[in-house]
Amino acid sequence: MKFKSRETLGIIFAIIAYFSFSILDAIQKTAVIHYSIFQLLFIKYTFVLLLGLIEAKRANNNNFYRSNNLKLQIIRSLLSILESGFFVLSFKHLSLANAHSIGALAPIIIVALSVFILNERVSIKTWIAIFIGFIGVLIIIRPASDVFSVNSFIPLLAAFFLGLYQIATKKITEYDAPEVSLFYSSLVGIVITSIMAINFWQPVNFNSLYFFVPIGLFFSLGIYFQILALKNARASIIQPFHYTLIFWAIIFGFFFYDDVPDLFTIIGAIIITTSGIFVINQTSKKIN
């Protein structure tokens with residue numbers, strides 16, 4: 001009973017985490033019109049640095065800046081910049097629903113990449129589900145139709161880099177504590193994005209705080225509650241709630257941007273979500 005109550009708590013934290021990320025994306029869709037991607041990423045990583053320092057203090061880890069695998073930490077941090085950057089860019093060119101529906105392929109990509117990078121074994125049924133997930137993406141982007149846009153590949157790139165990032169995160173847990181990873185992802189992120197922001201700088205004034213503070217706050221809240229969720233429940237329990245991002249993307253896209261997903265997007269999203277949950281379920285069965 002105690003085990004179930006902890007997992008219920010983990011699910012609640014996961015729902016809060018993905019809801020926070022959904023609000024973040026709704027804000028970023030407008031913010032990226034007025035400010036460069038690198039300015040927005042700089043704000044996000046600055047807030048994550050504060051979160052990392054708080055976590056290090058809470059965990060009583062005074063060696064949060066010492067990594068047992070610095071090379072992997074840097075690679076992981078660069079992948080974080082790439083996946084975050086491409087996702088934000090996708091919001092500039094696509095509706096929230098389309099971007100998140102295509103980006104929802106990430107959990108499937110993680111399993112596929114694990115075969116080649118981590119030498120993990122995947123069943124035929126899982127490979128079929130992965131293939132069906134990619135069909136869902138093709139239904140959304142419709143490469144042979146008149147409505148096709150090359151911008152549809154932006155969230156697909158983001159999902160690919162997110163997959164690599166998650167694999168790197170999985171490997172780094174063998175070497176470092178979470179607060180160490182938070183510190184390095186934020187530090188590398190701040191350094192890289194601050195350099196890039198100089199070349200793509202957009203004017204900032206007092207009104208910018210209406211974008212910057214919520215972006216940093218909801219990004220940090222999302223990460224923090226995601227950490228709490230994984231502490232209280234198995235990853236296989238938490239992962240399916242990743243697909244609630246699509247639901248919130250449709251809701252926020254409709255209310256704030258008058259975006260109504262077409263039938264192809266809805267069908268594709270359902271296919272991706274169903275195949276993704278199946279892949280996650282198959283993977284968790286293998287682990288158990």
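Modeller: Before we start, one rule for this predicted model: two rings of Phe, Tyr or Trp count as a pair if their centres lie within 6.5 Å.

Biologist: Thanks, that helps. How many aromatic pairs does that rule give?

Modeller: The rule looks at ring centres and asks whether they lie within 6.5 Å. Applied here, the count of aromatic pairs comes to 20.

Biologist: Let's take Tyr 18 and Phe 21. Is that pair stacked, edge-to-face or tilted?

Modeller: A pair of aromatic rings is described by the distance of the centres and the angle of the planes. For Tyr 18 and Phe 21 the centres are 6.3 Å apart and the planes meet at 50°. Planes under 30 degrees apart count as stacked and over 60 as edge-to-face. With planes at 50°, the pair of Tyr 18 and Phe 21 is therefore tilted.

Biologist: Which helix holds Tyr 18 and Phe 21?

Modeller: An α-helix has 3.6 residues a turn, so residues three or four places apart point the same way. Tyr 18 and Phe 21 are three residues apart, about one turn, and both belong to helix H1.

Biologist: Are Tyr 18 and Phe 21 buried or exposed?

Modeller: The cut-off for buried is under 20% relative accessible area. Tyr 18 has 4%, and Phe 21 has 12%. Because of those values, Tyr 18 counts as buried, and Phe 21 also counts as buried.

Biologist: Which residues form an aromatic cluster?

Modeller: One cluster brings together Phe and Trp residues. Its members are Phe 19, Phe 247, Trp 248, Phe 252 and Phe 256.

Biologist: On to charges. Over which ring does the charged end of Lys 44 sit?

Modeller: Lys 29 has such a placement too, with its charged end over the ring of Tyr 257, 5.5 Å from the centre. For Lys 44 the distance to the ring centre is 4.7 Å, and the ring is that of Phe 219.

Biologist: How many salt bridges does a search of the whole structure find?

Modeller: Side chains of opposite charge can pair when their charged atoms come close. Glu 55 meets Arg 58, at 3.0 Å from N to O. Glu 174 pairs with Lys 171, with the closest N and O atoms 3.5 Å apart. The search of the whole structure finds two.

Biologist: How many residues of helix H5 are buried?

Modeller: H5 runs over residues 106–117 and reaches 15 Å between its first and last C-alpha, close to the expected 16 Å. Among its buried residues are Pro 107, Ile 109 and Leu 113. H5 is mostly covered, and the buried count among its 12 residues is 10.

Biologist: Last one: which helix gives the most to the nonpolar patch?

Modeller: The patch covers about 530 Å², and its residues include Leu 70, Ile 74, Leu 187 and Ile 195. Leu 70 lies in helix H3 and is partly exposed, at 43% relative accessible area. Helices H3 and H8 each supply at least two residues of the patch. The most, four residues, comes from H8.

Methods. Residues numbered from 1 in each chain as written. Predicted model: local features only at pLDDT ≥ 70, side-chain atom pairs only at ≥ 80, totals over all residues. Heavy atoms only, no water. Patch = residues over 30% accessible without salt bridge, like charges linked within 9 Å, V, L, I, M, F, W, Y side chains within 5 Å. Areas by Shrake-Rupley, 256 points an atom, 1.4 Å probe, with all protein chains shown as cover. Salt bridge = Lys/Arg side-chain N within 4 Å of Asp/Glu carboxyl O. Buried < 20%, exposed > 50% of the residue type's maximum accessible area, 1.4 Å probe, protein only. Expected span 1.5 Å × (residues − 1). Phe/Tyr/Trp six-rings, centres within 6.5 Å; stacked < 30°, edge-to-face > 60°. Lys NZ or Arg CZ within 6 Å of the ring centre and 35° of its normal.
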